[in-house]
Structures are given as structure tokens and as C-alpha cells.
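Let's take a walk through a protein fold, one piece at a time. Have the picture open beside you and follow along.

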Amino acid sequence: LKPFRLQVVAAAVGYRKRRRKGVPPSRPSAARRAEVQMISSILLINLKGEILIWRAYKDNVSRLEWQTFCNRVVAAKESRDKPVQGIGGCHFIHTIQGDVVLAAATKDNINVVLVFKLLFKLVDIFKNYFGGAFDENQVRRNFVLIYELLDESLDYGYPQILEAEVLKKYITQGGAKTVDLNDQEQLKKITVQATGVCSWRAEGIKHKKNQVWIDVVENVNILMSAKRERLRADVSGQLLVKCQLSGMPECKFGMNDKLVMSRSDKAAPQGIALDDYRFHQCVRLSKFDVDREITFIPPDGVFELMTYRITDNIESPFKLLPNVKVLGRNRMELSLQVTAMYDRNITATNVKIDFPCPKNTARASVQKIDHGRAKFEPSQGAIVWRIRRFPGRHEYTCLAEVELASTVTDKQWVKPPITMNFDVPQFTASGLRVRFLKVQEKSNYKVIKWIRYLTKAGSYQHRI
């Protein structure tokens with residue numbers, strides 16, 4: 001039964017590999033090998049330099065060459081910060097994940113970035129199978145499973161199937177069966193998903209309610225000087241999508257990109273200028289380059305559609321006015337005025353402000369506070385001011401008196417910056433807005449769309 005099962009699985013994913021009796025594994029043509037060269041073997045090594053897993057796809061890199069790499073680089077802890085190593089005409093590309101080194105070797109002139117993407121994708125597959133953990137213990141417990149995953153993920157060193165959800169349909173763990181291997185219809189669906197254009201989405205998905213959620217989540221990083229001048233300001237954002245759509249829908253997503261806004265209408269409000277961005281593999285990059293619209297066939301469930309970084313026209317959600325007044329040798333007064341710069345109909349939540357105190361602080365008492373709670377926390381060495389809800393265009397003040405312990409030497413206080421944490425819903429510091437979201441599917445069903453904005457504090461500091 002087992003050989004029959006393997007034969008059915010191999011046919012389902014379209015491989016002509018070693019599973020057929022007397023037939024060698026299928027290899028790319030000579031023309032294609034001349035076009036694109038790929039890796040010869042993959043190894044999993046522990047930090048002592050011991051080989052845990054060795055999967056060779058070609059025989060041009062010997063075990064002796066691998067052992068040289070393990071001894072010189074991994075075990076000796078030398079040049080670990082160099083992810084690409086050349087030893088004796090052989091190139092080793094590696095990444096360290098916890099206590100495991102995942103490495104690939106080649107003697108060809110290959111695309112190094114592609115190999116790194118492959119290694120990180122393999123780590124994601126292993127974590128998906130091992131419940132989020134990937135370490136030496138998990139590798140030792142799952143030798144057979146890892147070899148099977150490496151066999152199905154790559155063919156003759158070329159990436160084939162790197163979607164964990166597709167692999168899980170026919171490489172099961174713990175006796176769990178997700179697909180009946182005697183059901184030809186299910187096997188055909190696996191074949192289409194594994195070898196088709198959209199490996200990230202299976203056919204035949206159905207939902208009672210067709211809904212899609214888009215979350216625009218931004219982390220704002222701002223550094224202000226003691227003279228209230230902005231030294232640094234940028235936003236790191238991500239677009240998170242939760243998709244519950246039936247069939248094979250095509251989605252079009254547009255935002256207030258500066259290039260699009262300037263083309264469409266000169267009187268339109270100023271758009272955003274993206275400095276860096278990265279898309280999920282489902283996005284059609286050619287269309288984005290032409291019309292700046294994000295067109296994609298979404299995976300089912302939650303996924304990260306896009307990450308981006310913006311450095312121009314960053315709007316600060318809060319303005320801080322700190323003041324330190326020395327009252328005597330052992331006393332000082334700390335005051336802080338905080339103003340919300342966003343609209344009145346927006347309310348920030350979970351606001352936390354850390355006002356640092358000198359290291360020799362003996363006691364600190366809050367004299368006045370307009371809103372929230374504040375107290376001195378010795379473990380953090382700061383007066384911590386917490387505000388559950390901070391409405392827009394409001395201004396609050398906190399005043400505290402600090403008593404200092406006497407010291408033998410009077411060292412000048414090196415003032416750390418004030419730090420702040422917050423969540424501001426329905427607000428983006430970059431000004432990014434979703435202009436439209438269109439969903440097209442052949443059955444023309446009605447789609448419920450949800451869009452939400454959230455700005456969080458990244459590194460939000462104000463020097464005293």
C-alpha cells in the first residue's frame with residue numbers, strides 16, 4: 001500500500017522523480033541548466049559543527065568540502081557574520097536560526113538572493129510543521145519528515161513547492177489525513193494548486209459570507225531634540241488582509257500614492273511617497289509598476305499583503321513639552337505637557353509615558369495630574385504616566401517633585417529621553433488612505449469590505 005500511496009502522491013504533484021522503479025529523477029534540460037543554476041545540496045548543522053541533515057541534489061560538492069565549511073566557519077565561530085563563504089572553489093550560503101545553521105552549497109554562479117529566499121522559506125515550512133518552533137531538538141525528532149519535505153520542496157536543486165498548506169495536503173504528520181489519496185478529484189485539486197499559477201490558493205473555496213478585512217498598521221518613529229526640533233521621523237507600516245472570499249477572486253487595491261494623485265488631478269490633495277515597499281507573492285508587480293494599483297488573487301485567511309516605509313510628511317500624533325526645574329541641591333521639579341494633535345473624533349488608547357528620573361532618586365511624588373494615573377517606579381527609574389483614553393485636540397499636564405539622595409560626588413545627570421507608547425485607531429501618521437478596493441469574481445457575489453487604520457508607537461522619544 002505504501003509504494004502505491006507514494007506513486008499516487010507523486011502523480012498528484014506532477015513529479016517524475018525517483019519514485020518510479022528504474023527511472024532516474026527528472027532533471028531540467030541542458031538549456032535550462034545553462035540559463036539558471038541552482039544549489040547542489042542543503043545541510044542543517046548545529047552550532048558545534050555537527051551535520052544533522054544532509055540532502056544532496058547534485059554530486060559535485062563532496063562531504064569533505066562540507067566538513068571543511070563546518071570546521072572553519074560553524075564550529076570555529078569565525079566569519080559567521082559573513083553569510084556567503086567561498087572555500088576551495090565552492091560557495092556556501094548560510095543563515096543561523098537559533099541553534100541551527102541552515103546552509104546551501106554550490107559551485108555555480110547562482111542568484112544568492114534567491115537562495116536566501118529559499119532558505120528562509122524552508123525555515124517557515126519547518127516552523128509550520130513543528131508548531132512554530134525550529135531548533136536542534138525538533139530537527140532530531142523529525143529526521144524523516146525533514147528529508148521528505150526537502151525532497152518535495154526541491155527537485156535537482158530547483159525550488160518546486162514552497163507553500164506549507166500545499167505540502168500539508170499530502171505530507172502529513174502524526175497520522176493525520178487531510179486528503180483521501182484514493183479520491184481522484186481531490187488529487188486533481190492538489191495538482192492544480194501545486195503546479196498552477198496560484199499555488200497559495202486552492203480552488204473550490206466557499207464561504208457563506210464573502211468578506212474581506214484590510215488593516216493598515218503603522219509604527220511611527222520620532223526623535224525630538226531638547227529644543228523641540230525634529231531629528232528623525234519615519235513610518236514603518238504593513239497592510240494586513242483577512243480574506244473570506246469564495247472561488248478565485250481578483251482584487252484591486254488602490255491608495256493615495258503620490259504618483260497616482262498627481263496624474264489624476266492636480267487639485268487633489270497631496271499623496272504619500274513610498275520610500276521602500278515589499279509585497280506578498282500574490283501581487284502582480286507588472287501592473288503595480290504601470291498603474292500603481294495592487295492587483296492580486298488573495299490567499300484564504302490572514303496574510304501580510306504589503307510592508308512599506310515612509311519618511312516624508314510624517315504627522316506626529318502627540319506634542320510633548322517637558323521641563324526640568326532644579327529647586328535645590330537635592331530637589332527638582334519635573335513637568336510635562338502632552339497635546340493630542342489628531343482630530344477630536346479620534347481617541348488614543350493605552351497611552352504610556354516614561355519620564356526618566358536621576359539614578360539617585362530617593363522619592364518622587366506627583367503634585368498635579370490632569371488625567372490618568374502617574375507614579376514613580378524605581379524598577380524603571382522613571383515616573384510612569386498612564387492614560388487609558390486620550391481624546392484628540394486635548395491637552396493634559398503632569399507635575400512631579402523629586403527628592404534626591406546625597407552622593408559623595410556630584411555627577412551631572414545625563415538625561416535619557418522621554419519615551420512614549422500608544423495606540424491611535426483610525427489615524428495614520430503617514431497620511432496613507434485606501435482609495436478603493438474592488439473584488440471581481442465570475443459569480444458576481446456581493447462582498448462586504450472592512451477597512452481599519454491603526455498607528456502605534458515605534459521608537460517615540462523626546463529629549464529633555
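Four strands make up an open sheet, lined up as β14-β15-β20-β17 and paired antiparallel. The strands, like the helices we'll get to, are DSSP runs numbered from the N terminus: a strand is E with at least two residues, a helix is H or I with at least four. Two strands pair if DSSP finds at least two bridges between them. At the edges of this sheet you'll find β14 (318-326) and β17 (361-369); each has a single partner strand, so one side of each is left without a neighbour in the sheet. On average, neighbouring strands here are turned by 20° against each other, direction ignored. Angles like that run from 0 to 180 degrees between N-to-C directions, using axes fitted as lines to C-alpha atoms (for helices, over the stretch in contact).

Before going on, keep in mind that this is a predicted model, where local features need pLDDT of at least 70 and side-chain atom pairs count only at pLDDT 80 or more, while totals for chains, interfaces and linings use all residues. Residues are numbered from 1 along each chain as its sequence is written, and side-chain values use heavy atoms, with hydrogens and water left out.

Now zoom in on β15 (residues 331-340) and β20 (residues 395-404): nine bridges join them in the antiparallel sense. Opposite R331 you'll see E403 in β20.

What holds strands together like this? Strands of a sheet pair through backbone hydrogen bonds, either parallel or antiparallel.

Strand β1 (residues 41-46) is joined to β2 by five bridges, and L44 has I53 in β2 as its bridge partner.

Last stop: L432, in the loop between β21 (418-425) and β22 (434-440). Is L432 buried or exposed? Its relative accessibility is 0%, so L432 counts as buried (buried means under 20% relative accessible area, exposed over 50%, partly exposed in between, with a 1.4 Å probe and protein chains only). Leaving aside neighbours within four places in sequence, the contacts of L432 (heavy atoms within 4.5 Å) include V216, M255 and Y453. L432 and I310 are 122 residues apart in sequence, yet 9.7 Å apart in space, C-alpha to C-alpha.
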